[in-house]
Each structure stands twice: as structure tokens, then as C-alpha cells.
Amino acid sequence: MSQSDHSTAPLTIVGTGMAGVGLARAIRSRDGERPITLISADSGDEYTKPLLSSAFAKRQTAQSLVMRDAVGLAATLRARVRTHTTVDAIDTARRRLRIGAELLPYGQLVLATGAAPWQPFEVASSLRDRVFQINDLDGYRRLRGVLDRHPGRQARIAIIGAGLVGCEFANALHAGGHRVALIAPEATPLPRLLPPPLGRALGEAFAEAGIRGYFERQVSALHDDGEGVTLVLDDGEALAADMVLVATGLRPRTALAEVAGLAVSPAGILTDRRLATSAPNVFALGDVACVDGLDAPVGGLSAMYVQPLQAAVKALAATLAGIPTEVSYGAWPVVVKTPLLPVVALPPRDPPHRWRIEGEASDFSALAEDESGRLLGFALTGRCVRRKVELARAAPPLLG
């Protein structure tokens, strides 16, 4: 198949999150005629995933977050959208998908299957309606529904995990009027983004607001106590909660690709700089992709943030339109939605030689530097977040 043939071949996108829908929209803006099929494992509603964590503070319903349902999305994109559809296998040799008994041909295939929440322990069936994970609109809808029915509308919520998701939901649920406890094995919140002094500042801001922190602690058991959940910590302390939110990280959904023989790693489906996988005519995009890892898996980058996703969408749309384009990521800081203490971070790709930390109270600047003093990344809290533009200009790109 020639390059021009590729650009007009039927395109199939597995996944209707921000990656899949964003790519379809970018392709359609270039080509109004190319056949596009999007396959969704859920309802196919279009929404903005980063808004989920702040929606609790605004008491928004799940429906209010929906921008378009699947019918509206199909009409807007002039594409076929298949909802509640599971792809069982990929036949890369014959270029077709197996969906139950159906064999669906594709010209080019994009895997935008995202990442799934990781749960490090089993949850008894009796607790299914009290223990939650939120990684999509359906997860938000479940917890929102339970909270709206809770007597007095003020619930005791235990959050397991103090990473980005755990901290953002802790802040939002507290702002929504709930009593929040945050439990994590690390000594401070946001351990992957903040050096310890800045993490402590965030933990102190949470504590002053009334969010209870249980750091350097782990949950050893969950029990149904009839009225709610009892969490037993590894030191024997027991906490009572009405519900539990598990925010212990994400794992790329690579099983479909791995069974098909594509190169994968724990970081995702391995791609080159054009987002092409190890199989011809198959690409990976978004949280499931480990970019630039195809030839050097340990050097690949899985950047699960909005700006890298947008850059990848733009590059892949050009490649699929017949203009091979490599993706590059700038020095894009992560803005954490914790109004109790503003946080911005650009974590270095590799451990720095040192963190140079300046500031006092809750206003800190932390600069990650190599042996020669070159800036590799940074973390900012409080009023120091205003330095993000200045420092981003001086920092190296995530993927140049």
C-alpha cells in the first residue's frame, strides 16, 4: 500500500477517550471523507476526563459533564461509533479485528485503550457498593450517585493513595463538604512530583483544612461493618468510613496488543517517534503508549497528561494523512488541582543529582539539577507557582 493509499484507508480507533476522539477530530479536520470507525467499550459519551476530579467540589452530575453522547459524537465527526463493544483479538497479518463472531477489517488501526486503575488488594463482594475507583465517567457516576443519596450529604471518605489522583480528589471531596482521610505508604503526598519538603507543605495544608493524613501507613484489610467500611491499617489502627476511594495508580491496557504479538512493556505499548507499533499499520496513542520505546524500551516515555496527548494527536493525525511526523513534547509542567495549596511540577525524567529548595512556610521553589547545575525539572508550591512559565522556558523538553 502506497503512502497516499494509507491516507485514505479506512481508519479504526479502539477507544473513545480524549485520545481516540481527539485523533478522530484531527483526522476529520484534514479529510472530510475518510471512513472512520471508533470502538468504545462503554457508552461512548464525550467528556473531558481531567474535569472529573474537580466535579465533586461543584456537585456536578455525571450527565452535566457529557458534551456529546455517542449519537451526537458520530454526527459531529461523520464517523461510525460502536458502543459497548469489546475487541477480542487483533489479526495483524490479515488486518482485521475479532469482535465476538464478527471479523472487522481495518486499513489502519489506532489503539487508544488508555490505562486502567490498579487495585492492590481484593474487595469482598459485600463492599462493592462502598469501594470505588474513578478513571472514567461511569466511575464518577457511581460514586456521585451514592454521595447524593447519603444521609445529610456529608460522607466519611477514605482515599487510599496520595498521588495526583488521590490528592486532587481529596481536595475536591473536602470542598464538596465531605470528611476525608488520605492513606498512603509514602511519607508525604505527591511523592513522584514533589521532593519531601514540598510534599510536607501540601500535607500540612490538607491537615489544616481538616483532611486527615495517614502517611507511611498501608491498608491491611477492609471489613463491612454494616453501616460502612472499617479500614484496618498495618499498625492495627482501625478507621471508620462510609465509602472508600482507591487511587493507587494506573496500568496501561496492553493485554489486547500483547496477545496480538505487539511489543509491550509495563510502561505501555512500545512505539517509535511516529507512534507506530511493532506491527505494520498499527499505532498507539495516549495513556497506553510508551513513546520512543520501540528500539529502547527503558528510554520510552509514557506521559499521561493533556499537553503531551494533544501533541501526539497532532503528530499522528499528520502521519495518518500521509505526512510522516515525529512527536515531540515540550517542557510542560503539571498543574495539580489542589486549591488548598497550589502545586505545579515538571518532574525530571531521571533522578536529579540534587534538589535546590528555596522558600518558607508553604511557598517553595525546588529546582532539580544535574552535577553541573543544569536545570532538569522543578516543583513549585503556594505563591511560587507563578514561576512556572519562567522555569519551563529554561527546562529541557520531555521529548525533544
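What covers the buried residues of H2? Hello everyone, let's start there. The cover includes strand E1 (11-14), strand E2 (36-39), helix H5 (70-77), strand E7 (108-111) and helix H10 (306-320).

Some ground rules before I go on. This is a predicted model, in which local features need pLDDT of at least 70, side-chain atom pairs count only at pLDDT 80 or more, and totals for chains, interfaces and linings use all residues. Residues are numbered from 1 along each chain as its sequence is written, and side-chain values use heavy atoms, with hydrogens and water left out.

Helices (H or I, at least four residues) and strands (E, at least two) are DSSP runs, numbered from the N terminus. Buried means under 20% relative accessible area, exposed is over 50%, and partly exposed is in between, using a 1.4 Å probe and protein chains only.

Back to H2, residues 18-30. Among its buried residues are Ala19, Val21, Leu23 and Ile27. The expected span of a helix is 1.5 Å times one less than its number of residues. For the 13 residues of H2 that gives 18 Å, and the end C-alpha atoms are 18 Å apart, so the two agree.

Now the aromatics. Rings of Phe, Tyr and Trp (its six-membered ring) pair if their centres lie within 6.5 Å; planes under 30 degrees apart are stacked, over 60 edge-to-face, and the rest tilted. Searching the whole structure turns up 3 aromatic pairs. Phe56 and Phe169 have ring centres 5.7 Å apart and planes at 70°, so this pair is edge-to-face. The pair links distant parts of the chain, 113 residues apart: Phe56 is in the loop between helix H3 (52-55) and helix H4 (62-65), and Phe169 is in helix H7 (residues 164-175). Both Phe56 and Phe169 are buried. Tyr329 and Trp332 make a tilted pair, with 6.2 Å centre to centre and 50° between the planes. Tyr329 counts as buried because its relative accessibility is 5%, while Trp332, at 25%, counts as partly exposed. Ring pairs also link Phe56, Tyr140 and Phe169 into a cluster.

Next, Ser54 in helix H3. At 16% relative accessibility, Ser54 counts as buried. Leaving aside neighbours within four places in sequence, Ser54 is in contact (heavy atoms within 4.5 Å) with Ala172 and Lys337.

One last item, for those who like charges and rings. The charged end of Arg251 sits over the ring of Trp118, 4.4 Å from its centre. The rule here is NZ of Lys or CZ of Arg within 6 Å of the ring centre and within 35 degrees of the ring normal.
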